[in-house]
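Visitor: I have a structure open and would like to go through some parts of it. Can you take my questions as they come?

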Amino acid sequence: MESSLITKDKLNRIIESKDFDMAMRVLSEIGYAQPVPTGATFEQMIDKELAAADELLLEVSPNDTFIKIMRAQKDYHNLKVLIKLLMQDKSLEEAELTPGNLAVDTLRRAITENNYYDLPPHMTDAMFFIDKRFAVALDASIIGVAMDRAYAKEVKELFLQMDDELVTKYFNAYFDLSNIIAFMRIRVSGHSKESFEDAHLHGGTISKLTFSEAFDLADESVMSALAKGDYAAVLAPAFDEYQKTGRLYMMEKAKDDYLLSMLRAHRHDMFSVAPIMCYYVAKQREAAAIRMVMTAKLGGIDGQVVSNRVKELL
């Protein structure tokens, strides 16, 4: 499986291409999503690779619960996109969406008919919550908050049901680090403690109370209050960068790099979900990296800037 992943050297070849057209040629030369029809866009190439990863996930996963865990994020992403299109009075057919556990048509029908009972329970609750808030004011920011919370609740239920050590450790870390970053972002933007409490994701090991008690601490005390053990080592360099620049992107990068390293350490354990989980996450990471690089090429952004921001590959 890993032999089909793009290496850092190959990605650097794309980054170092002189322009977008050359980058597209390099993408084809290294075999990404080949063969594809003449004139295919890089987004179509990415979609083809992700579809193949989905097929492999379905083929080799040990059980349906694991598949649901790994694909749930797509459902919530798709629903966010569709709700925002609806708010803008745009066609729900406009977005080309890759299905997760739910058919995209199921999501379209649910929001056009205001009938959510074909959706998972936490997603249904989130939709009713959004409707209730929209009855007061059309605040698009509530969409992400409600969907992210529902996603976390759904995945936590699933990983507790699956009871796999690596899956549990991975998603605990995912939600803990996501909460720390959201906490910092809300503080930086000047929003209240209550705003964070509304956005807090279930599923991690750091309690909402711990975050609440740390909210009014000085920046230099926040990390010691929230980030213990591995988290402290993971976030310390990125937090130093934040203190220098006021930007949080490197914390996002540190989170994702740590999560991939966690899977990388177990990827050769053939009697576990680790190999397919590592590959599947790595393909999402690869797709995000290619999308970032190619979009930067279209925008004429300097390659060194892109290189600094690209997250680790497997």
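Guide: Start with Ser 212, which is buried, with a relative accessible area of 12%. Buried means under 20% relative accessible area, exposed over 50%, and partly exposed in between, using a 1.4 Å probe and protein chains only.

Visitor: Before we go on, what kind of model is this?
Guide: This is a predicted model, in which local features need pLDDT of at least 70 and side-chain atom pairs count only at pLDDT 80 or more, while totals for chains, interfaces and linings use all residues. Residues are numbered from 1 along each chain as its sequence is written, and side-chain values use heavy atoms, with hydrogens and water left out.

Visitor: Back to Ser 212. Which helix does Ser 212 lie in?
Guide: Ser 212 is in helix H10, residues 208–214. Helices (H or I, at least four residues) and strands (E, at least two) are DSSP runs, numbered from the N terminus.

Visitor: And what is Ser 212 in contact with?
Guide: Leaving aside neighbours within four places in sequence, Ser 212 is in contact with Lys 193 and Glu 197. Contact means heavy atoms within 4.5 Å. With Glu 197 there is a polar contact, side chain to side chain, at 2.8 Å. A polar contact is a pair of N or O atoms within 3.5 Å; within protein, one must be able to donate a hydrogen and the other to accept it, and residues adjacent in sequence count only if both atoms are side-chain atoms.

Visitor: New topic. How many residues does H6 have?
Guide: Helix H6 (residues 121–134) has 14 residues and reaches 20 Å from its first C-alpha to its last, close to the 20 Å expected at 1.5 Å a residue. The expected span is 1.5 Å times one less than the number of residues.

Visitor: Which residues of H6 are buried?
Guide: His 122, Met 123, Thr 124, Ala 126, Met 127, Ile 130 and Phe 134 are buried in H6. The buried residues of H6 pack against helix H4 (64–87), helix H5 (104–113) and helix H7 (141–162).

Visitor: Take Ala 126. What does Ala 126 touch, leaving aside its neighbours within four places in sequence?
Guide: Ala 126 is then in contact with Ala 146, Met 147 and Ala 150. At 5% relative accessibility, Ala 126 counts as buried.

Visitor: Now the loops. Which residues does the cis peptide bond join?
Guide: Gln 34 and Pro 35, with omega about -5°. Pro 35 sits in the loop between helix H2 (20–29) and helix H3 (42–60). Ala 33 is in the loop between H2 and H3, and has a positive phi of about 60° although it is not a glycine.

Visitor: Why point those out?
Guide: Most residues other than glycine have a negative phi, and most peptide bonds are trans.

Visitor: Asn 114 has a positive phi too. Is Asn 114 buried or exposed?
Guide: Asn 114 is exposed, with a relative accessible area of 53%, and is found in the loop between H5 and H6. Ala 33 is buried, at 2%.

Visitor: Last one. At what angle do H8 and H11 pack?
Guide: Helix H8 (residues 165–188) and helix H11 (residues 219–226) pack at an angle of about 160°, with their axes 12 Å apart. That makes H8 roughly antiparallel to H11. Angles under 35 degrees count as roughly parallel, over 145 as roughly antiparallel, 65 to 115 as roughly perpendicular and the rest as oblique.

Notes. Axes are lines fitted to C-alpha atoms, for helices over the stretch in contact, and angles run from 0 to 180 degrees between N-to-C directions.
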